[in-house]
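Dear colleague,

Please find below the structure that I am passing on to you. I would be grateful if you read it alongside the notes that come after it.

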Amino acid sequence: MKNSDKKLLGKTGIYILLVIVLLISLFPIIYPLLSSFRTDNELFENMMPFNWHTIVPIDWTWENYAAIFTEYHFGRYLKNTLIMIALIIPGTIAICSLAAFAFSFYDFKFKKQLFALFLLTFMIPGEAIALPLYSLVNSMGLINTYAGLVLPALANGLVLFLFVQFFSETPRALLESVEIDGGGWWTSFSRIVLPLSKPILITAGLMVFVNQWNDYLWPLLAARADEVKVVTVAVANFKEQNVIHWGYIYAASTVSALIPILIFLPFQKYFVQGITSGGVKG
(Lines give C-alpha, C1' and ligand atoms only; values in the text may rest on other atoms or scores of the structure.)
Protein backbone atom coordinates (compact mmCIF):
# COMPACT_ATOMS: atom_id res chain seq x y z
CA MET A 1 0.00 0.00 0.00
CA LYS A 2 1.37 3.41 -0.99
CA ASN A 3 2.01 6.12 1.60
CA SER A 4 -0.63 8.32 -0.04
CA ASP A 5 -3.18 5.51 0.30
CA LYS A 6 -2.23 4.99 3.92
CA LYS A 7 -2.67 8.72 4.62
CA LEU A 8 -6.05 8.75 2.86
CA LEU A 9 -7.17 5.69 4.80
CA GLY A 10 -5.99 7.26 8.06
CA LYS A 11 -7.83 10.53 7.36
CA THR A 12 -10.97 8.60 6.39
CA GLY A 13 -10.84 6.68 9.67
CA ILE A 14 -10.41 9.91 11.64
CA TYR A 15 -13.36 11.54 9.86
CA ILE A 16 -15.56 8.52 10.49
CA LEU A 17 -14.57 8.55 14.16
CA LEU A 18 -15.31 12.29 14.41
CA VAL A 19 -18.73 11.81 12.78
CA ILE A 20 -19.57 9.05 15.27
CA VAL A 21 -18.48 11.23 18.20
CA LEU A 22 -20.51 14.14 16.79
CA LEU A 23 -23.66 12.00 16.45
CA ILE A 24 -23.25 10.70 20.00
CA SER A 25 -22.80 14.27 21.27
CA LEU A 26 -25.84 15.54 19.37
CA PHE A 27 -28.10 12.61 20.28
CA PRO A 28 -29.48 14.28 23.48
CA ILE A 29 -30.51 17.20 21.26
CA ILE A 30 -31.67 15.34 18.15
CA TYR A 31 -33.81 12.77 19.97
CA PRO A 32 -36.05 15.23 21.91
CA LEU A 33 -36.31 17.45 18.84
CA LEU A 34 -37.52 14.65 16.57
CA SER A 35 -39.65 13.10 19.31
CA SER A 36 -41.54 16.39 19.65
CA PHE A 37 -43.07 15.65 16.23
CA ARG A 38 -44.64 12.31 17.22
CA THR A 39 -47.48 11.20 19.45
CA ASP A 40 -46.90 9.41 22.75
CA ASN A 41 -48.35 6.19 21.27
CA GLU A 42 -45.86 6.17 18.41
CA LEU A 43 -43.06 7.08 20.80
CA PHE A 44 -43.60 3.99 22.95
CA GLU A 45 -44.48 1.64 20.09
CA ASN A 46 -41.06 2.17 18.53
CA MET A 47 -39.06 2.30 21.74
CA MET A 48 -38.04 -1.37 21.77
CA PRO A 49 -36.35 -3.00 19.98
CA PHE A 50 -34.13 -0.12 18.94
CA ASN A 51 -34.54 0.75 15.26
CA TRP A 52 -34.46 3.69 12.88
CA HIS A 53 -37.95 4.82 13.88
CA THR A 54 -36.93 4.93 17.53
CA ILE A 55 -35.33 8.22 16.55
CA VAL A 56 -37.09 9.32 13.36
CA PRO A 57 -40.93 9.61 13.46
CA ILE A 58 -43.08 7.60 11.09
CA ASP A 59 -45.98 10.07 11.03
CA TRP A 60 -44.82 13.64 11.60
CA THR A 61 -47.27 15.82 13.49
CA TRP A 62 -47.48 19.30 14.99
CA GLU A 63 -50.03 18.07 17.52
CA ASN A 64 -47.72 18.50 20.54
CA TYR A 65 -46.82 22.08 19.66
CA ALA A 66 -50.45 22.98 19.03
CA ALA A 67 -51.51 21.41 22.33
CA ILE A 68 -48.97 23.17 24.55
CA PHE A 69 -49.96 26.57 23.17
CA THR A 70 -53.74 26.09 22.97
CA GLU A 71 -54.57 23.74 25.84
CA TYR A 72 -51.73 24.54 28.27
CA HIS A 73 -51.16 28.22 27.42
CA PHE A 74 -47.39 27.81 27.05
CA GLY A 75 -47.22 31.20 25.34
CA ARG A 76 -48.26 32.86 28.60
CA TYR A 77 -45.38 31.20 30.45
CA LEU A 78 -42.93 32.27 27.76
CA LYS A 79 -44.18 35.83 28.15
CA ASN A 80 -43.84 35.65 31.94
CA THR A 81 -40.27 34.41 31.62
CA LEU A 82 -39.32 37.11 29.13
CA ILE A 83 -40.87 39.83 31.31
CA MET A 84 -38.97 38.55 34.35
CA ILE A 85 -35.68 38.50 32.45
CA ALA A 86 -36.34 41.90 30.88
CA LEU A 87 -36.59 43.32 34.40
CA ILE A 88 -33.66 41.39 35.88
CA ILE A 89 -31.02 42.06 33.20
CA PRO A 90 -30.99 45.89 33.30
CA GLY A 91 -31.44 45.89 37.07
CA THR A 92 -28.54 43.50 37.62
CA ILE A 93 -26.26 45.34 35.19
CA ALA A 94 -27.08 48.71 36.77
CA ILE A 95 -26.48 47.55 40.35
CA CYS A 96 -23.38 45.44 39.64
CA SER A 97 -21.72 47.95 37.31
CA LEU A 98 -22.17 50.80 39.80
CA ALA A 99 -20.85 48.64 42.64
CA ALA A 100 -17.91 47.52 40.48
CA PHE A 101 -17.13 51.15 39.62
CA ALA A 102 -16.89 51.96 43.32
CA PHE A 103 -14.76 48.89 44.08
CA SER A 104 -12.45 49.57 41.12
CA PHE A 105 -11.78 53.30 41.40
CA TYR A 106 -12.42 54.35 45.00
CA ASP A 107 -10.93 53.48 48.36
CA PHE A 108 -13.23 53.24 51.35
CA LYS A 109 -13.42 51.49 54.69
CA PHE A 110 -13.89 47.70 54.64
CA LYS A 111 -13.56 47.67 50.84
CA LYS A 112 -11.82 44.29 50.65
CA GLN A 113 -14.15 42.71 53.18
CA LEU A 114 -17.28 43.93 51.37
CA PHE A 115 -15.95 42.73 48.03
CA ALA A 116 -15.25 39.29 49.51
CA LEU A 117 -18.77 39.25 50.94
CA PHE A 118 -20.23 39.97 47.51
CA LEU A 119 -18.17 37.18 45.97
CA LEU A 120 -19.58 34.73 48.50
CA THR A 121 -23.05 35.23 47.03
CA PHE A 122 -22.21 33.20 43.93
CA MET A 123 -20.19 30.59 45.83
CA ILE A 124 -23.12 29.59 48.05
CA PRO A 125 -25.58 27.23 46.30
CA GLY A 126 -29.01 28.72 45.79
CA GLU A 127 -30.58 25.66 47.38
CA ALA A 128 -28.87 26.51 50.68
CA ILE A 129 -30.66 29.85 51.01
CA ALA A 130 -33.91 29.04 49.18
CA LEU A 131 -36.04 28.46 52.28
CA PRO A 132 -34.80 31.50 54.30
CA LEU A 133 -35.20 33.61 51.17
CA TYR A 134 -38.72 32.28 50.66
CA SER A 135 -39.60 33.19 54.27
CA LEU A 136 -38.28 36.72 53.72
CA VAL A 137 -40.09 37.25 50.42
CA ASN A 138 -43.28 35.72 51.82
CA SER A 139 -43.17 38.07 54.83
CA MET A 140 -43.02 40.98 52.36
CA GLY A 141 -46.09 39.68 50.53
CA LEU A 142 -44.22 39.20 47.25
CA ILE A 143 -44.94 35.53 46.58
CA ASN A 144 -46.56 35.00 43.14
CA THR A 145 -45.48 38.43 41.95
CA TYR A 146 -42.86 39.62 39.47
CA ALA A 147 -41.16 41.50 42.29
CA GLY A 148 -40.71 38.25 44.19
CA LEU A 149 -38.98 36.74 41.15
CA VAL A 150 -36.88 39.76 40.27
CA LEU A 151 -35.59 41.31 43.50
CA PRO A 152 -33.59 38.31 44.82
CA ALA A 153 -31.75 38.05 41.47
CA LEU A 154 -30.58 41.65 41.11
CA ALA A 155 -27.35 41.47 43.17
CA ASN A 156 -25.17 38.95 41.34
CA GLY A 157 -21.70 38.32 42.75
CA LEU A 158 -20.35 36.73 39.56
CA VAL A 159 -21.47 39.65 37.40
CA LEU A 160 -19.94 42.06 39.91
CA PHE A 161 -16.65 40.15 39.75
CA LEU A 162 -16.58 40.31 35.93
CA PHE A 163 -17.22 44.06 35.98
CA VAL A 164 -14.47 44.65 38.54
CA GLN A 165 -11.99 42.64 36.50
CA PHE A 166 -12.92 44.56 33.35
CA PHE A 167 -12.97 48.00 34.97
CA SER A 168 -9.53 47.40 36.48
CA GLU A 169 -8.10 47.55 32.95
CA THR A 170 -9.49 51.05 32.35
CA PRO A 171 -6.68 53.63 32.55
CA ARG A 172 -7.16 55.88 35.58
CA ALA A 173 -5.78 58.76 33.54
CA LEU A 174 -9.08 58.91 31.66
CA LEU A 175 -11.01 59.43 34.89
CA GLU A 176 -8.48 61.97 36.13
CA SER A 177 -8.93 63.96 32.92
CA VAL A 178 -12.68 64.06 33.56
CA GLU A 179 -12.08 65.36 37.09
CA ILE A 180 -9.73 68.05 35.77
CA ASP A 181 -12.48 69.19 33.38
CA GLY A 182 -14.86 69.47 36.32
CA GLY A 183 -16.81 66.26 35.74
CA GLY A 184 -17.99 64.08 38.62
CA TRP A 185 -18.14 60.34 39.15
CA TRP A 186 -21.33 59.99 37.12
CA THR A 187 -19.68 61.60 34.11
CA SER A 188 -16.72 59.24 34.42
CA PHE A 189 -19.02 56.26 34.78
CA SER A 190 -21.53 57.05 32.03
CA ARG A 191 -19.23 58.66 29.44
CA ILE A 192 -15.93 56.88 29.93
CA VAL A 193 -16.27 53.53 31.67
CA LEU A 194 -19.58 52.22 30.29
CA PRO A 195 -18.90 53.05 26.61
CA LEU A 196 -15.65 51.08 26.89
CA SER A 197 -17.45 48.14 28.49
CA LYS A 198 -19.61 46.90 25.60
CA PRO A 199 -18.19 43.33 25.63
CA ILE A 200 -18.67 42.86 29.37
CA LEU A 201 -22.15 44.41 29.26
CA ILE A 202 -23.22 41.89 26.62
CA THR A 203 -21.48 39.06 28.48
CA ALA A 204 -23.19 39.95 31.75
CA GLY A 205 -26.55 40.25 30.01
CA LEU A 206 -26.19 36.84 28.36
CA MET A 207 -25.05 35.18 31.59
CA VAL A 208 -27.99 36.58 33.51
CA PHE A 209 -30.36 35.62 30.69
CA VAL A 210 -29.20 32.00 30.56
CA ASN A 211 -29.13 31.60 34.35
CA GLN A 212 -32.61 33.02 34.81
CA TRP A 213 -34.05 31.17 31.82
CA ASN A 214 -32.86 27.85 33.25
CA ASP A 215 -33.67 28.62 36.89
CA TYR A 216 -36.19 26.20 38.34
CA LEU A 217 -36.06 26.03 42.14
CA TRP A 218 -36.77 29.66 42.99
CA PRO A 219 -39.61 30.13 40.45
CA LEU A 220 -41.09 26.86 41.72
CA LEU A 221 -41.16 28.26 45.25
CA ALA A 222 -42.02 31.88 44.57
CA ALA A 223 -44.14 31.83 41.39
CA ARG A 224 -46.59 28.94 41.25
CA ALA A 225 -49.57 30.98 40.05
CA ASP A 226 -50.31 30.92 36.31
CA GLU A 227 -50.07 34.72 36.16
CA VAL A 228 -46.32 34.60 36.90
CA LYS A 229 -45.37 30.95 36.23
CA VAL A 230 -42.23 30.61 34.10
CA VAL A 231 -41.13 28.16 31.41
CA THR A 232 -39.10 25.74 33.53
CA VAL A 233 -41.94 25.21 35.98
CA ALA A 234 -44.47 24.88 33.15
CA VAL A 235 -42.42 22.15 31.44
CA ALA A 236 -42.19 20.20 34.71
CA ASN A 237 -45.98 20.40 35.08
CA PHE A 238 -46.45 18.13 32.06
CA LYS A 239 -45.39 15.32 34.40
CA GLU A 240 -48.60 14.63 36.28
CA GLN A 241 -49.35 12.14 39.04
CA ASN A 242 -50.63 9.33 36.84
CA VAL A 243 -49.33 10.23 33.37
CA ILE A 244 -46.32 11.86 31.76
CA HIS A 245 -46.97 13.76 28.51
CA TRP A 246 -43.63 13.05 26.86
CA GLY A 247 -44.58 14.61 23.54
CA TYR A 248 -45.59 17.84 25.27
CA ILE A 249 -42.39 17.83 27.32
CA TYR A 250 -40.26 17.39 24.21
CA ALA A 251 -42.14 20.12 22.32
CA ALA A 252 -41.99 22.58 25.22
CA SER A 253 -38.31 21.80 25.82
CA THR A 254 -37.53 22.40 22.15
CA VAL A 255 -39.24 25.79 22.19
CA SER A 256 -37.63 26.79 25.48
CA ALA A 257 -34.19 25.78 24.18
CA LEU A 258 -34.58 27.49 20.82
CA ILE A 259 -35.11 30.98 22.21
CA PRO A 260 -31.80 31.18 24.18
CA ILE A 261 -29.94 29.75 21.18
CA LEU A 262 -31.35 32.38 18.82
CA ILE A 263 -30.45 35.13 21.29
CA PHE A 264 -27.00 33.79 22.15
CA LEU A 265 -25.65 33.10 18.65
CA PRO A 266 -25.55 36.72 17.35
CA PHE A 267 -23.65 37.84 20.47
CA GLN A 268 -21.30 34.90 20.99
CA LYS A 269 -18.18 36.78 19.83
CA TYR A 270 -18.86 39.53 22.39
CA PHE A 271 -19.46 36.88 25.04
CA VAL A 272 -16.06 35.28 24.43
CA GLN A 273 -14.39 38.69 24.27
CA GLY A 274 -16.00 39.76 27.54
CA ILE A 275 -15.02 36.54 29.34
CA THR A 276 -11.39 36.67 28.18
CA SER A 277 -10.93 40.39 28.80
CA GLY A 278 -12.66 40.17 32.16
CA GLY A 279 -10.60 37.26 33.33
CA VAL A 280 -7.13 38.37 32.20
CA LYS A 281 -5.56 41.64 33.21
CA GLY A 282 -3.59 43.53 30.61
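This is a predicted model: local features need pLDDT of at least 70, side-chain atom pairs count only at pLDDT 80 or more; totals for chains, interfaces and linings use all residues.

Residues are numbered from 1 along each chain as its sequence is written, and side-chain values use heavy atoms, with hydrogens and water left out.

Helices H5 (residues 74-105) and H9 (residues 157-167) have axes that come within 8 Å and cross at roughly 45 degrees. The contact (heavy atoms within 4.5 Å) involves residues including Ile 93, Cys 96 and Ala 100 of H5 and Leu 160, Phe 163 and Phe 167 of H9. By class, the residues of this contact divide into twelve nonpolar, three polar and no charged (Ala, Val, Leu, Ile, Met, Phe, Trp, Tyr, Cys and Pro count as nonpolar, Asp, Glu, Lys and Arg as charged, and the others, Gly among them, as polar).

Phe 163 lies in helix H9 and counts as buried because its relative accessibility is 0% (buried means under 20% relative accessible area, with a 1.4 Å probe and protein chains only). Not counting residues up to four places away in sequence, Phe 163 touches Ile 93, Cys 96, Ser 97, Ala 100, Ile 200, Leu 201 and Ala 204.

In helix H11 (residues 185-193), the buried residues are Ser 188, Phe 189, Ile 192 and Val 193. These buried residues of H11 pack against H5, H9 and helix H10 (172-180).

Yours sincerely

Conventions: Axes are lines fitted to C-alpha atoms, for helices over the stretch in contact, and angles run from 0 to 180 degrees between N-to-C directions. Helices (H or I, at least four residues) and strands (E, at least two) are DSSP runs, numbered from the N terminus. Buried means under 20% relative accessible area, exposed over 50%, partly exposed in between (1.4 Å probe, protein chains only).
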